[in-house]
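Trainee: I would like to go through some terms used for this structure and see what each one rests on.
Mentor: Then ask about them one by one.

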Amino acid sequence: MPSSSAIERKLKREIAARKAAEALLEQKSLELFNANQQLEVALKQTEARSEASFKRLEFQQKIERILIHFGRIFLRANLDDVLVVDLVNQLSEVTEDVACAIALPSELLPAVTQSHYQTTKYAQLIVAEGCTTSCISIELEQKVIGKLELGVIETTFDMDFVNSQMSLVCELLASSINRQVINQRLVESKDRAEASERSTREFLAMINHELRTPLNGLLGSVELLADTGLSDAQKDLHHNLSQSGQLLRSIINDLLDFSKIDAGMLELIESKFSWNTLESTLKSIFEHKAQEKQIGFTIKTQNLDSQQINGDLERITQIFVNLIGNAIKFTDKGDVSVHVENSANGLQVSVTDTGIGISESAQKKLFQPFTQADRSSSRNYEGTGLGLAICRRLVELMGGNISLESELGVGTTFHVFLPLKTELIEEKTEAVQADSNQTLDFSALKVLVVDDIKMNQVIITKMLSKLGISPDLAVNGLEAVEHASQQQYDIIFMDCRMPVMDGFEATKRLRSAEYRNPIVALTAGTTTEERQNCYDVGMDDILSKPYTAKDLTQTLAKWGPNWGLEAI
């Protein structure tokens, strides 16, 4: 049997082993507890991070919805107080931990009346504990024009994240403001352009009137002077006066027409005329000039007999006058020839001279305004330098083209194509019309002339007296209305610009009072707008200043009550 001491030793070993096991178990339990505690902390941290990520994602999605919503609105409407307040409110409702305020430049945005927009929540949040504030600039053209102020509780969101999202709002606002500013500038530019155009039109109408009115007196007096008894010396002076007057008329026409073309105000007024009418005008202008320089001048046509041309006679004449005038001016010997051929597509025109020619360098800038070829070593030739520029503009306005060939010392040929339509007419028509004007007796006509300028009254009165007419005179529209209310006139010649009452208002009053007889405008206005205004108020025709006795006679023949010559 084992001894008691052996048993005691064994018992002690078992007790020691049990205590060691208990200690180990206690240690392992503690380790397990600590591990569980760490796991719970890690789990809570993971849950916190997941919740923060979810909140960030939710915040980001709400901001994106706000950006899309207001992006669409800003494309349709300009920023105003209602929109800005709505934007600030929606941004502040995204989360409880973020609020904002917006400052905008009211001086750039007419519909924005306040300089600062904020909610009550923003005012409360920025003074709360743990709140951090921030400011994001709103920039336009690299200049700070406004700002978005933020209040953020950073326990929920970090400031960098919120700033990155709110900066998108600032970009949206900057884009909307930029679009609005650009639109405002476009409107202002449009208004300035329209004001400039109105000023140009008003200036051209005024200067047109101011230049053509005294020119009417000058050329009318020269024409009337030709029918008086003149000595040979006086005839020479009269011829010089006539030539100078026509030159002045040409210069004024060129300056005014170029200004109208440049301003887009010149429009073509089509009519039907025979080539003989145009050729007669050209010969009357240039045959004498060619004789003075002792050079030949011929006009040849092909396929134009018995043909009627459809086009703007005044502007077509202007093209020919400028081209032929230049040819004669620069030709000191030889001849100037004009050839016109009527083809299926239009008129083929060539004007050839045996003058001094044009160098290649000068040809390149010849059609530029205010440019002189200066085709000699010293400037011996007068002119504004507008003739050929106007020719090109008029030809292009008609849908044609112009070119030239030239050789120094040999001569120059201008080629012009005008796509004008022609049609067959009776050969006797013009002769019948001319004879009709000469045989008509105008003496029985009752005529009223309304003009405030004494010189114009004298000119038209003398022209009418040659036809046996003694007109009544009125110096303004009010007098014209009084005269016409007391008796009927066969024709009223009505000036447009007059004091007290102008011709437009006078015509409207007469038409309102059932006055039906012809009223013919006496006007220096040449734009389509001015001419249309005459017809709109009730005028029947226009006699443009400066007019000739022939123009006056044709107008009387056209509107006289008894002859039925409306086709003239």
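Mentor: A polar contact of 3.1 Å links the side chain of Ser 134 to that of Asn 163. Keep in mind that this is a predicted model.

Trainee: What makes the pair Ser 134 and Asn 163 a polar contact?
Mentor: The cut-off for N or O atoms is 3.5 Å. The side chains of Ser 134 and Asn 163 are joined at 3.1 Å, so the pair counts.

Trainee: Why is Ser 134 called buried?
Mentor: Buried means under 20% relative accessible area. Ser 134 has 17% relative accessibility, so Ser 134 counts as buried.

Trainee: Which residues is Ser 134 in contact with, leaving aside neighbours within four places in sequence?
Mentor: They are Leu 148, Glu 149, Leu 150, Met 159 and Asn 163.

Trainee: Where is Ser 134 placed?
Mentor: Ser 134 belongs to strand β3, residues 131-140.

Trainee: How do you know that β3 and β4 pair?
Mentor: Pairing takes at least two bridges. Between β3 and strand β4 (residues 143-153) there are ten, in the antiparallel sense, so the two strands pair. Within this part, Thr 132 stands opposite Val 152 in β4.

Trainee: What is the order of the strands in the open sheet?
Mentor: The four strands run β2-β1-β4-β3, with antiparallel pairing.

Trainee: What makes β2 and β3 edge strands?
Mentor: Each of them, β2 (116-118) and β3, pairs on one side only. From one strand to the next, the twist averages 20°.

Definitions and conventions
Residues are numbered from 1 along each chain as its sequence is written. This is a predicted model: local features need pLDDT of at least 70, side-chain atom pairs count only at pLDDT 80 or more; totals for chains, interfaces and linings use all residues. Side-chain values use heavy atoms; hydrogens and water are left out. Buried means under 20% relative accessible area, exposed over 50%, partly exposed in between (1.4 Å probe, protein chains only). A polar contact is a pair of N or O atoms within 3.5 Å; within protein, one must be able to donate a hydrogen and the other to accept it, and residues adjacent in sequence count only if both atoms are side-chain atoms. Contact means heavy atoms within 4.5 Å. Axes are lines fitted to C-alpha atoms, for helices over the stretch in contact, and angles run from 0 to 180 degrees between N-to-C directions.
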